[in-house]
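I opened my notebook to look up a few strand pairings and ring contacts. Here are my entries, in the order I made them.

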Amino acid sequence: MSGTDAGGSRTLFALVAVSILLIVTGTVVGAVVPGAAVGGADTDASAHADPDSVDDGRDLSALERQMAERLASRARSGSLNISRENAQQAREAVNNSQYASLLNEYASVANETGNRERALAFQRMRNDQLALSAAVEAYWETYERYETVTSETYFQMHERQWNDRNGGSVRGPLSNVHKPSDVGERELARQLEREWQRVNDTRSSYVRSQRALANRTDENVTGSLATVNASVQEIETAQQTVRDEQFVATNLTIEVNGTQASFRSPLNIEGRLTTASGRAVSPDSVQFAVGNQTIQTQLSETGLFDLHYRPTTVAANTSNLTVRYRPENSSVYLGDQRTIPVSIDPVRPNMSVNATPTQVRYNDTVAISGRVGAEHGGAAAVPYLVSLDGRVLATGTTETNGTYNSTVNIPASVSEGTRTVRVDVPLDEQALLSANGTTKVDVQETATTLNASAVHVQDRSLRVSGSLLTGSGQPVANQDVSVVANGTTIGTVSTGPNGTFGTTLSVPQSVGSTGVFESTLPIGIEFRYDGSATNLRSATAGATVTLPTLPLGLIAGAILAIVAVLAGGVLIGRKLLDRRSARVPDPAVDFDSPTGRRADSRVNSASLLDTARGYLDSQQTAAAARVGYVALRQQLSGDVGRTAGQTPWEFYRDCTDGDIDETTQETLQRATELYEQARFRSSVESVSASAVEETLQEITSLVTGPESSQSAD
């Protein structure tokens, strides 16, 4: 054999031998020390548990009490100062995201401790508190505008403008002059009156929720409620000044003939509206709010009026009705109200329903109209809902004469054929009982067109896209299209608002087969839209994609060639070994036995030390440190009777608690530290070669005696 051939053989044999040595060494190290592997990663998760992830057994009841105290404190701070100067800050404090976050956290804890109702009480109180602070802030903002408009400077400016337009100057008392600013002032005053009413209503709701919460938490709310009442009284005082400046007080008197009322038999209400001094209010068309309805009527010259009240959505158990005079925004009069007794007799109204047109297709617009209570007068402000074949398509309320009119579009989900249009009046325990009316429409089928494509992305992934349209080109939204590959459904995609769709799907390995020497796989893709449950016709589309595949025949041939080369290298190497004398005796170590059926532990440890020094010579310091530690541990396990199932530092602690000498203890500590560095650090350069070499010398002294250590040098 030539020198070149011999060198090549030696190189090939060395590669094979190193690979086998690494596998055997890793097996031995893994058997002796759990989790140890040359160059491997630690997989013992239990030995490295995160302390923060361990349940600390907290007392949820104590936590809930602490959070409840914080919430109550935040609520008090948001209620104690809703005065004019601080209304905005009070609202922001209540609406603060930290407040909301704290409330959400408290709700989670309260649910665990069974105090969900208390969490709900906190939520209701915060909602009412926010509504009250917002109402107070809105009132004072409008009041500031009112003060600006009614200021002397503002008045003088408008007075000049009025004089310029009318070619003269103001004569006589200013109150007798109709100026453009009068209407603006009065409208603001009217708005203030409405906002005052909102403040009063939200204050009542807040007081109820605050007291309800106090009953659950034993919180003393007397102080915070007194502060709220003082802030509301401040608004009442300001609003009374506005009333005195802008409005003429009125007096409303009411007379009724009986108390029985129903939609079929309306209540007849007579009365008179005068000023507070007794003068008749100017003859005009006025509005009265009766219950939850608004009724328009005409005043006589002496202020007399007569109106008919047909109860509709008022509760059936109502025993008192409020009749309220509601002035126009520009009116100089202030409203007034009276309460009358009443007894409601519930009735079921009749209904009419019409649909135009009656022959429809997908997405056609249909007008649905009719009247509620036509025989006895229209039922005003009654809620209704429109449904087609059981699907609700529109909602609304009736007009003052009881009529309704809605337009709806025919959805795809309504199947073809004769279908029912239904209009419901969904009332419950009210003066009008629930009622419904129906009509029919003929829903016809609509043709569809499905356009689709598929493109290979990577591996076995496809990008599919396309559109679903009607025969006339209208997009069809919210419909599912199935994607089938070689007869197997691989996914479903839904169309968007414009009828298009697109997504990425994966073709399973079970779909398609190819020859052993072929590198591509053609896949037939079919797109299917099933319109059987709709008023749309079904449609399909097709596409073909080519996927890359592994030519198994070529790969198998390559593997056989590699195996043949390796086998030849091993044979050549064995012949070379036969010609050379073995320099190192075969250590008597059973590497295949993780528990150790060894003839002599000292021989095994010495063999591992030779391996460690070999790693050190090749500058693989991390591997040298780990194998050296294993050699020492195996030696000590045999000497002091320790087991192989402990972690390195557990083994070290048991040895130090035993009877080993101080020198051995120090060597074991250094070897363990180097082993930990080599095991957990990512770079082999992080382990000092000199430290490893020194430690291996100490281990050699312990394993083979001082003489062997000296000879190793």
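What follows are my notes on sheets first, then on aromatic rings.

**Ground rules.** I am working with a predicted model, where local features need pLDDT of at least 70, side-chain atom pairs count only at pLDDT 80 or more, and totals for chains, interfaces and linings use all residues. I number residues from 1 along each chain as its sequence is written, and my side-chain values use heavy atoms, with hydrogens and water left out.

**Terms for strands.** I take helices (H or I, at least four residues) and strands (E, at least two) as DSSP runs, numbered from the N terminus. I call two strands paired if DSSP finds at least two bridges between them.

**Entry: the sheet 5-4-7-8.** I looked up the strand order here and found 4 strands in an open sheet, 5-4-7-8, with antiparallel pairing. Strand 5 (293-298) and strand 8 (337-341) stand at the edges with a single partner strand each, so one side of each is left without a neighbour in the sheet. From one strand to the next, the twist averages 25°; for such angles, axes are lines fitted to C-alpha atoms (for helices over the stretch in contact), and the angles run from 0 to 180 degrees between N-to-C directions. Next I checked strand 4 (residues 285-290) against strand 7 (residues 320-326), and 4 bridges join them in the antiparallel sense. I noted one partner by name: glutamine 287 is bridged to arginine 326 in strand 7.

Entry: I counted 6 bridges between strand 10 and strand 12 (residues 365-372), which pair antiparallel. Across that pairing, threonine 356 stands opposite alanine 367 in strand 12.

**Entry: strand 20 and its partners.** Strand 20 (residues 480-485) pairs with strand 21 (residues 488-494) over 6 bridges, in the antiparallel sense. I see serine 482 opposite threonine 492 in strand 21.

**Entry: aromatic rings.** I paired rings of Phe, Tyr and Trp (its six-membered ring) if their centres lie within 6.5 Å, calling planes under 30 degrees apart stacked, over 60 edge-to-face and the rest tilted. This rule gave me 10 aromatic pairs. Tyrosine 139 and tyrosine 143 have ring centres 6.1 Å apart and planes at 20°, so I logged the pair as stacked. Tyrosine 143 also pairs with tyrosine 146, tilted, at 6.2 Å centre to centre and 35° between the planes. Tyrosine 143 and tyrosine 146 both lie in helix 5, 3 residues apart, about one turn of the helix.

Which residues do the ring pairs link into a cluster? I wrote down Tyr139, Trp140, Tyr143 and Tyr146.

I then checked burial (buried is under 20% relative accessible area, exposed over 50%, partly exposed in between; 1.4 Å probe, protein chains only). Tyrosine 139 and tyrosine 143 are both buried. Tyrosine 143 has 11% relative accessibility, and tyrosine 146, also buried, has a relative accessible area of 2%.
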